[in-house]
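Please open the model in a viewer and keep the selection panel at hand.

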Amino acid sequence: MDLIVTQQKNDSTTIFKIKGTLDISTTNLIEPHLKELDDNVRNLLFDFSELEFIDSTGIGSIIDAIHLSQEKNFRIQFQNVNEETEQIFDILGLYEILKAVQGEVV
Amino acid sequence: MKHLNAYTAVLCSMGVAGFLYGLIQFDKSYAFIFGISLFIIIILEILPVRLPSGDKYVSGSLGFLFLLLDGGFSYSAIASVIASYVYFAKGLRTWKVPLTPFLSTAGMYIGSLFASLLIWKATHSLPLILSVVLVASTFEIVNIVLLEFIHKFVFGAKKIFIKIEEQLKETFIPVLISAIVIPKWYSPDGYLVFLYDMLYTLFFFLLILFFSQQFFRQLEARKLTSRAFTNVLESRIALEKSGHGNRVGIICEILLDEWQYPKRKKQDLIQCAIVHDIGKSLLPSYIFRKRGALTISEEKEYNTHSEKGVELLTAIFLNNNITESILYHHENWDGTGFPKGLKGEEIPLEARIIAICNELDHLLVKYNDDETVMELLEEKSGTLLDPKLVGVLTIETITHVREELSDLLEIPIYEKQEQEQEVKGEKENQLSAHYEAKSHIGESLVVTWENGVYYHTESLPFDANLLDELVTVVKKRQATLSETIQEGEFYWEVHGYPMNLDKIFLFVHDMSSMIAYRERLETKILESYENVIHTLSDGKISFYADIETIEQFLGQLQDQMKITTTSDIPKSRAFLDKYIKESDLELQPMKILLAVSEATTNLLKHATGGEIFVYKTKEKLQILISDKGSGIPLHEIPKTILVSGYSTKKSLGKGFQLMTGFSNGVHVHTSSKGTCIVLDFLYRTEEESVKEKTIS
């Protein structure tokens, strides 16, 4: 109920639509999705349009995804990040990490 | 005390009879010499010469004896009665002197003079000087004898002539002076020569008197100085030790009389007794504040105090014998003492004396009952103390000493304060007073368990039954095991060593001092963190060493909620939502919830759960998040709170950064009993709300 992750696949691009809350109570729900990712995936897109709440623990699991992207060599993109969330991402240095890993932020 | 009895009645009538006889026989032609002699006698009676032994030498008898030899019995009788009166009048500072003591004294003089007269008549043919010596000796001895009977009949002394030897020695000076002075006066060369001689002698007497007064002032000053110094040093060593030196000095003064110690050496020895522990001031003070037995190296250090004392005192006392008394005051009669392990009479007499005085003071302070003190002293006689010296002492001596010390044996003020604190239950103070300085090493003892019975439990500070469980397990497993026992503020660590199936050695070690020491140390570190964290976080994070400070600034409690599982985290946000919405806060609700979420998440990551509280004051909403976990480890506190990205667990380690960024203030307290975080969220001021409305 608190977090629903819907996967959508288009060729080599996978979209994770995050709906609800991403915190210590729900991070365990996103982990299986990351594990099950295809080896041939080239782009992972997080859609935050329906994200209600995220904290540092939740962002921790996105950083896990970034680490995975290095291993499996795919790119990560965010979309529909609202202003508040963007501020948190900024404070916690998420964009900096992403930039360091893939050179640019999309 | 009744002064009048058969004996004193006889003396009184002798006094009256002598005086009357003297008046009847009085010849005016002798009035001049009599007058001058009487004048000198009165001066000598009023101004006694103080002897170094502490006694006073009243030299009036010189005049009586001169009158006896020169003028005859009658004149000396009148003079002695008048002199006795003056003596009493001066001593009691009144002209109305009590009749019986005055007349008894006069009677004693007349009795002594009469005996001297007989000797004078008998020895008239001998050379003058020899005759005078015999006369003066007779006078002094008869006087001593008559005085001893006063002690017996008036003061009820059981034994008399105890100190006769000492007293006879003391007659030496008066007899010597008489032998020198009287023949000089006793010359038939006419009034003028007599007057000249009399005044000449008087002048010298006054000179001696003046110097003896000065000497005594100096002696007194020296005594007071060393007493004051000893007191200061003792209070530096340990408060409960103060007064010991002065008491030992007084004890020594009394006991030296019992042992008939030569009076001329007495004052120096009393000085030594006062300062005998002066070497302790050169030792580290924790040795004296320590509870329980000293370690071997501490004991070694302690034992140097007698040597260190001597180093200090050789500068003050030039007499080596005297400083030796301090060097060896911890030697035991049986050779088990220090520093040299001397035995029996190898130990200098003075050191043996100080050892007894020292022991007696310890016993008097500890026990209120004189019989017990005497018993314990006798117990130590022959092992630690010189049996001959102890043998002289009686219960009466002990009682006498205690009376003399009565003012000094009272509980000193600081101890009273300590007791009051105990009453108040301020155990912390009590503990810290105990564990001052380096005294964090606690007491240890060994208890034996054999066939269900505990042995050597006399000094066990807790009930032996508390050891039962450990004993049962050690017995069963036949292995070395340990256990901690706690009672109030006190902790003991007990190690059980099985010897066989029926016997276990239990080593008990007091940990309270160690724990208290560690807690004190932690508090100090926490206090230093307060400043460090406040400064480095630009005043955004306040750290508190104690929880009370935080409790003080909390407003009205609104609500609370328990947090035990991860699912409580989103619930806690929903719970807070209501309070955030109803108050018009400066920060956006999302940010507030995030800040709180960080704190509550920490609580689950680092502790097993906790609680969240909502408080309100006039200016702000306060969210308190507390847990009963083990707290942030002391050395991790600055890193955890200040270093962004620092985490001991698998997490971003940005919790404190978010809490600071998304709140108006963070307050933290952490200890081994748990962690407590308060987040401040300010209400919007009217100005701000108006501005916002205008914009929208």
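The stops below cover the interface and then the aromatic rings.

This is a predicted model, in which local features need pLDDT of at least 70 and side-chain atom pairs count only at pLDDT 80 or more, while totals for chains, interfaces and linings use all residues. Residues are numbered from 1 along each chain as its sequence is written, chains are lettered from A and ligands numbered from 1 in the order in which they are written, and side-chain values use heavy atoms, with hydrogens and water left out.

**The interface**

Select chain B and chain A together: 21 residues from chain B and 19 residues from chain A form the contact (heavy atoms within 4.5 Å). Next, select Arg573(B) and Asp23(A), whose side chains form a salt bridge at 2.7 Å, N to O (a side-chain nitrogen of Lys or Arg within 4 Å of a carboxyl oxygen of Asp or Glu). The rule finds one salt bridge across this interface.

**The aromatic rings**

Move to Phe89(A) and Tyr95(A): their ring centres lie 6.0 Å apart with planes at 70°, so the pair is edge-to-face (rings of Phe, Tyr and Trp, the last by its six-membered ring, pair if their centres lie within 6.5 Å; planes under 30 degrees apart count as stacked, over 60 as edge-to-face and the rest as tilted). Both Phe89(A) and Tyr95(A) are buried (under 20% relative accessible area, with exposed over 50% and partly exposed in between; 1.4 Å probe, protein chains only).
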